[in-house]
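Here are a few friendly notes to read alongside the model.

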Amino acid sequence: MAKSVLDAGWFMLKTQLEYKSVATQGVFIEVNESYTTQTCSCCGCISCNSPKGRAGLGIREWNCAECGTTHDRDVNAAKNILALGHERLAVGITVPLGR
Ligand SMILES: [Zn+2]
């Protein structure tokens, strides 16, 4: 039940973001968020002490073993997702006709 509620919430969030993007002639894209929590947003590596799997769910802050940067779990993931979005924008996004 909790997963269904979570899925419905995400669906509504994505629907509203897409709707608002179209209304303001913006661009809405989805990126693959896999490994965005584990990947260091500074050096790009997946450190040996980054939060992984179910055991890592309680880890809110961690240090990258490669570059020594201290990360807040959520802020690090947000930076990685933003970077993925910028990469997609740099490559180019086809805009459907009629916009
Ligand atoms: Zn690092």
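Predicted model: local features only at pLDDT ≥ 70, side-chain atom pairs only at ≥ 80, totals over all residues.

A residue counts as buried if 20 or more other C-beta atoms lie within 10 Å of its own, and as exposed if 12 or fewer do.

1. How many of the 22 residues of H1 are buried? The count is zero, so the helix is hardly covered.

2. From its first C-alpha to its last, H1 reaches 31 Å, close to the 32 Å expected at 1.5 Å a residue.

3. Next, what happens to the backbone just after H1? Gln25 takes a positive phi there, of about 55°, although Gln25 is not a glycine. Most residues other than glycine have a negative phi. Gln25 is found in the loop between helix H1 (2-23) and strand E1 (61-63). Gln25 is exposed, because 8 other C-beta atoms lie within 10 Å.

4. Is Tyr35 buried or exposed? Tyr35 has 12 other C-beta atoms within 10 Å and is therefore exposed.

5. Finally, a word on the domains. The protein is divided into domain 1 (1-29) and domain 2 (31-93). How far apart do the C-alpha centres of domain 1 and domain 2 lie? The distance between these centres is 22 Å.

Notes: Residues numbered from 1 in each chain as written. Helix = DSSP H or I, 4+ residues; strand = E, 2+ residues; numbered from the N terminus. Expected span 1.5 Å × (residues − 1). Domains from an automatic or database assignment.
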